[in-house]
Amino acid sequence: MNAISRNAKEKLYFNIFRACGALVVLTLVVIMAYMLMGSLPVLSLDFLTEPPRGANTLGGIVTPLVGTICLMGIVFAFAIPIGVLSAVYLSEYQGKGWGARFWHIVVSNLAGVPSIVYGLLGLALFVTFAGLGRSLIASGLTLAILSLPIVISAAREAIQAIPSSLREASMALGATKWQTIWHHVLPYALPGILTGIILALSRAAGETAPILLTGAAFYMSSMPDSIFSQFMALPYHIYAVATQTMAGMNGSPVVYGAAIALLMLVIGMNLVAIIVRKRFREKYRW
Amino acid sequence: MKYIDKIGWLNRTQGQSKGRFFDGASHTVLFTITLISASVLVAVAAFLILGSLQAFNVIGPVEMLFGDTWRPTSFHNPAFGMLPLMAGTFLVSFLASIIAIPIGLGCTIYLAEIAHPRIRAFLKPAIELLAGIPSVVYGLFAMLILQGWVAQLFGLQHGYVALNGGLILAVMMVPIMVSLAEDAISAVPLELREASYALGATRWETMRSVVLPAAMSGILAAIILSIMRAVGETMAVLMAFNQTPLPTLDPFSGVQTMTATIAIEMGEAAVGGLHYSALFAVGVMLFMITLVMNTVANRIMLRYSEAYR
């Protein structure tokens, strides 16, 4: 084979790969553009502050938005402390033998369980068995369980990235293990842990299937008044309006608007996570 | 010697009494917390199996797994054969895979080996954002926009068919696959590439004969994990096509996936009834499928991480 055809071949293949990359970016742009275009008629601040009206086909999205924020609060309260502390245990106390391998398998399997299966768990465990009923707390706890593996693996990665010389220096000065973790490991791992927390919360905010089984309502005239009441949530609101109202099926701006609001929330959190990670990666170089 | 002992004693009793307390307790406390998180996996399995026992007892496991009719709400003649649901899940995941794997692979190679750092700095976050978009938004896009395109392209009356679901799942699979597979390609040591260049290979030849084979197991794991996402996806398939439990592999027909079955039918199934229990059995199947796929992917991944340490 001569050199020219080899180079031509390379060019051809590289252009194919380039096209694949471009295609992926194009999908992102197309999806965002259609969502934005569809939502233009309702895009205003009022949309965020008004409750839905006319069987969810008019008005704003404040009730579902508040529901989603409440869910994120519950996830934050339960999944974050348990997840981060588990990660501390797994990376600082657990050795590197088969035990570590076992935990790794457990966490990765948890991360792979489909969200609808977590919904089934929530239905059986929180709604029925624990008697919480279809409620904010049942859905919140279900989402907390779903986010747990994300928090654990992100925090674990962040903690393991800290060089062991730092720990050894602290120990050499007489600090105990817990003091070393508290004063030296966790502060440096914080940006990485924070990134994981933000990503887990954004995932919880966007999940629909688990809350569909555990307590999201098609319509509520008011905000949830306690953690034991049913609630509206943004992702379920999108699904419900799109599939159960005529206006939604025909692509009413209300449903696009709700999608844009959810996208802004989730993408905003993702961007924050990306920025946090980038800034701290530049700040600390081991 | 005595002096040193004394300092140690002082340290322990006065200076660090607080630290010492935490130290003694921390191991136990943290271990307990970790047990709580690990018990979730046990809880998932236990509650799913408990919930499905009734269905497996009454209907029988063979009939459930291989029965070709899913007609749970029929009053006179209900049937709980999971075959149509498994066929539906298989069909849409298969369609999604044959579209997503080549494109994902191409995008991965471009991102890892070809892209200029400046393009990379923009492409990588874009892919992360794609991975972060909630599935319900993908579902909405499939239902309101993609459906029309599919109908037009293939001359159908409407586009609410399995292919529509396959397409949107492909869009969702690609970012997962790319970010995982890219790690595998980046893990291939530079020396291997340099050796290949030194022997006169072009960049493409190096990639095809050296880098890709070396990263193969990691790429394979990435493919399996992204297929797993397609199998477990609920909202996008639920909204993308008409849910009709037919035991068919026709991409232009409506089908019904396992995930969607649980999502739509749980609302109408009476708690504790046979239908309710059968839906838990569907959940058990889903759980087992993902467990197996995850284990395979883990095995493969372990091998590649050990190969280039």
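Predicted model: local features only at pLDDT ≥ 70, side-chain atom pairs only at ≥ 80, totals over all residues.
How many residues of chain A are in contact with how many residues of chain B? Residues are numbered from 1 along each chain as its sequence is written, while chains are lettered from A and ligands numbered from 1 in the order in which they are written.

The interface joins 70 residues of chain A to 71 residues of chain B, two residues being in contact if their C-beta atoms, placed from the backbone, lie within 7 Å. On the chain A side, helix H1 (residues 3–39) gives the most, with 18 residues; helices (H or I, at least four residues) and strands (E, at least two) are DSSP runs, numbered from the N terminus. By class, this side of chain A has 46 nonpolar, 19 polar and five charged residues, where Ala, Val, Leu, Ile, Met, Phe, Trp, Tyr, Cys and Pro count as nonpolar, Asp, Glu, Lys and Arg as charged, and the others, Gly among them, as polar.

Each chain is divided into domains, with bounds that come from an automatic or database domain assignment. In chain A, domain 1 covers 3–42 and domain 2 covers 46–283, and their centres, taken over C-alpha atoms, are separated by 31 Å. Six residues from domain 1 of chain A and nine residues from domain 2 of chain A make up the contact between them, and the domain 1 side consists of four nonpolar, two polar and no charged residues. In chain B, domain 1 spans 2–59 and domain 2 spans 79–307, with 36 Å between their centres over C-alpha atoms. Here eleven residues of domain 1 of chain B are in contact with nine residues of domain 2 of chain B, and the domain 1 side comprises eight nonpolar, three polar and no charged residues.

Chain B contains twelve helices and two strands, which follow the pattern α-α-α-β-β-α-α-α-α-α-α-α-α-α along the sequence. The radius of gyration of chain B, taken over C-alpha atoms, is 26 Å, well over the 19 Å that the globule rule gives for 309 residues, so chain B is more spread out than a compact globule; the rule is 2.2 Å times the number of residues to the power 0.38. Along its principal axes, the C-alpha trace of chain B spans about 90 × 60 × 35 Å.

The largest nonpolar core holds 195 residues, of which A:Val151, A:Ile238, A:Ala259, B:Leu140 and B:Ile168 touch the most other members. Such a core is a set of buried Ala, Val, Leu, Ile, Met, Phe, Trp, Tyr and Cys residues joined through C-beta atoms within 7 Å, a residue being buried if 20 or more other C-beta atoms lie within 10 Å of its own, exposed if 12 or fewer, and partly exposed in between, with C-beta atoms placed from the backbone. Helix H7 (residues 162–186) of chain B supplies the largest share of this core, 17 residues. In chain A, helix H10 (residues 234–244) is mostly covered, with nine of its eleven residues buried, including A:Ile238 and A:Tyr239.

By contrast, B:Thr244, in the loop between helix H10 (235–240) and helix H11 (258–265) of chain B, is partly exposed, with 15 other C-beta atoms within 10 Å. Leaving out residues up to four places away in sequence, B:Thr244 touches B:Gly254, B:Val255 and B:Gln256.
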